[in-house]
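Here is a short briefing on one protein model. Please read it with the structure open.

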Amino acid sequence: MKDDSTVASKGDRTLVHTWLLEEIQSGDAITKDGLENIASHKYKPGKYTKLDLLLNDSWAALTEMLPLWLAPNMVTTLGGMLCGLSYATLWVLSPNLDVSSGEIPDWAIALAGLCTYGYYTLDCMDGKQARRTGTSSPLGQLFDHGFDCICNLFHISAIGAIHLSGGSIWFLLLQVTNQFAFYCAQWEEYYTHVLPHAHGDWIGVTEVNYGIGTLILVNAFIDRRAFWEQTMGTLFPAGVMDYAPNWFEKLELRQFGTLGWVGLLTMLVFFSVLRVYNSVQSTSVFLSAVSKLISPALLIQSIFLLPPSVIVNHTRYVSVCLGLIFSLITKKMIVYSMAKMTYASIQKEIIPFMMLCIWFKYDSNVTDLGSKFFLGMMCIWHTFYLLSWARGAISQICKRLDIYCFTIKTKRAD
């Protein structure tokens with residue numbers, strides 16, 4: 001059921017509310033009007049931090065070293081490949097990211113840290129390469145932020161690897177809150193038309209990404225288990241612990257760090273909601289906007305539906321499923337924001353996984369092998385669906401803009 005009473009302007013469907021059905025023609029990812037809006041889209045970044053301004057000249061100098069024939073999207077893809085290399089390495093060495101696979105070699109942790117540095121540095125260079133080669137286009141934004149979506153999964157995997165938190169609800173909590181916060185940034189842009197980069201002059205995406213890289217790299221040179229498995233009772237003086245609850249005394253450092261990170265992300269989400277509230281013109285529009293947080297919120301809830309045995313034994317499969325679904329609905333938000341299309345409050349792509357979680361919770365006859373099989377099939381399906389949708393969207397945009405995706409198209413002489 002749709003309500004067309006709040007259309008902002010002709011061709012702009014962002015303020016039209018729909019619960020489930022979206023205005024998509026059969027076989028297409030983007031409507032015809034959406035493609036025209038993408039063709040005229042102008043990216044508006046948020047505020048840059050002191051570190052962004054400090055490193056900008058270095059990123060520009062590195063970009064000058066790239067060959068002029070190298071397409072900007074290939075620069076983005078190279079960064080994504082670094083994430084893929086590290087993710088695959090950690091998967092082989094520790095399939096479930098827990099102690100059952102043994103210690104992950106220090107060199108693999110160091111590789112993950114260096115890949116994080118390389119990924120984000122290339123992420124800061126692709127836009128400069130686009131301007132340098134005169135090939136800036138809306139497709140670049142989709143490619144850039146689209147890779148950021150899926151690379152979130154790599155960051156979480158690397159953090160899980162340093163403190164081996166796989167096989168627990170803590171790892172999945174870290175993942176879903178991180179991906180929810182990233183979704184909210186794109187959701188904010190959908191309504192305000194500005195993508196937030198930072199909160200203040202000192203904390204932004206650059207500090208977070210290079211900070212994560214530094215954290216991972218440092219952990220390659222310490223006894224990770226001894227460090228992360230310390231309890232709060234051993235870290236704080238006895239006088240302080242006398243006033244702390246018993247559960248806090250037994251809390252491990254890795255769990256305490258996860259709670260701190262979740263708290264920080266919760267604050268960022270709150271500020272996103274506040275900025276959207278100040279941007280929209282009516283209560284009904286704001287409530288419609290908030291309803292678009294239902295789908296990612298349900299994905300967070302899903303980890304609490306799963307039986308503990310599934311989380312313990314199949315952390316990686318659950319993580320991949322959640323990562324792929326979050327990536328898809330976030331990529332759709334990015335594209336629909338650029339295309340000024342109506343984004344449904346309930347994204348149908350989350351339904352199969354939610355049904356699987358409910359089935360696992362209430363059917364005690366599902367075996368460990370059965371849960372692994374169905375989670376594996378879900379991973380395969382969502383991989384295929386995500387690649388198919390992305391391929392369709394990229395193909396439509398390239399055709400409309402008369403450009404190539406991975407190479408620079410030679411302009412015809414008049």
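Phe143 is buried, because its relative accessible area is 7% and buried means under 20%, exposed over 50% and partly exposed in between, with a 1.4 Å probe and protein chains only. Phe147 counts as partly exposed at 21% relative accessibility. This is a predicted model, in which local features need pLDDT of at least 70 and side-chain atom pairs count only at pLDDT 80 or more, while totals for chains, interfaces and linings use all residues. Residues are numbered from 1 along each chain as its sequence is written, and side-chain values use heavy atoms, with hydrogens and water left out.

**Aromatic pairs and cluster**

- Phe143 and Phe147 sit 4 residues apart in helix α5 (residues 138-163), separated by about one helical turn. Helices (H or I, at least four residues) and strands (E, at least two) are DSSP runs, numbered from the N terminus.
- An α-helix has 3.6 residues a turn, so residues three or four places apart point the same way.
- The search of the whole structure finds 22 aromatic pairs. Rings of Phe, Tyr and Trp (its six-membered ring) pair if their centres lie within 6.5 Å; planes under 30 degrees apart count as stacked, over 60 as edge-to-face and the rest as tilted.
- Tyr87 and Trp91 form an edge-to-face pair, at 5.9 Å centre to centre and 80° between the planes.
- Both Tyr87 and Trp91 lie in helix α3 (residues 72-93), 4 residues apart, about one turn of the helix.
- Tyr87 counts as buried at 13% relative accessibility. Trp91 counts as partly exposed at 31%.
- Phe143 and Phe147 form a tilted pair, with 5.6 Å centre to centre and 55° between the planes.
- One aromatic cluster is formed by Tyr183, Trp187, Tyr190, Tyr191, Tyr336 and Tyr343.

**Positive phi in loops**

- Leu164 lies in the loop between α5 and α6. Its phi is near 45°, a positive value in a residue other than glycine.
- Leu164 is buried, with a relative accessible area of 6%.
- His193 lies in the loop between α6 and β3 (198-199). Its phi is near 65°, again positive in a residue other than glycine.
- His193 is partly exposed, with a relative accessible area of 33%.

- His163 lies in helix α5 and counts as buried at 7% relative accessibility.
- Leaving aside neighbours within four places in sequence, His163 is in contact (heavy atoms within 4.5 Å) with Trp228 and Arg254.
- His163 and Lys361 are 198 residues apart in sequence and 28 Å apart in space, C-alpha to C-alpha.
- Ser302 is found in helix α14 and counts as buried at 0% relative accessibility.
- Ser302 is in contact with Leu322, Phe353, Met354 and Cys357, leaving aside its neighbours within four places in sequence.
- Ser302 and Thr330 are 28 residues apart in sequence and 17 Å apart in space, C-alpha to C-alpha.

**Helix α13 and its cover**

- Helix α13 (residues 283-291) has as its buried residues Val285, Phe286, Ser288, Ala289 and Ser291.
- The cover over these buried residues includes β2 (17-18), α6 (169-192), α12 (253-279) and α14 (294-305).

**Overall build**

- The protein has 18 helices and 4 strands.
- The C-alpha trace spans about 75 × 55 × 45 Å along its principal axes.
- For 414 residues, a compact globule would have a radius of gyration near 22 Å, and the protein agrees at 22 Å. That radius is taken over C-alpha atoms, and the globule rule is 2.2 Å times the number of residues to the power 0.38.
- Of the 414 residues, 51% count as buried.
- Among contacts between residues at least 6 apart in sequence, 80% join residues at least 24 apart.

**Surface and charge**

- The protein exposes about 19700 Å², of which carbon and sulfur atoms supply 66%. Accessible areas come from the Shrake-Rupley method with a 1.4 Å probe; for residues, only the protein chains shown count as cover.
- There are 30 positive and 32 negative side chains, and the centres of the two sets lie 7 Å apart. Lys and Arg count as positive and Asp and Glu as negative; His and the chain ends are not counted. Each charge is placed at NZ of Lys, CZ of Arg, CG of Asp or CD of Glu.
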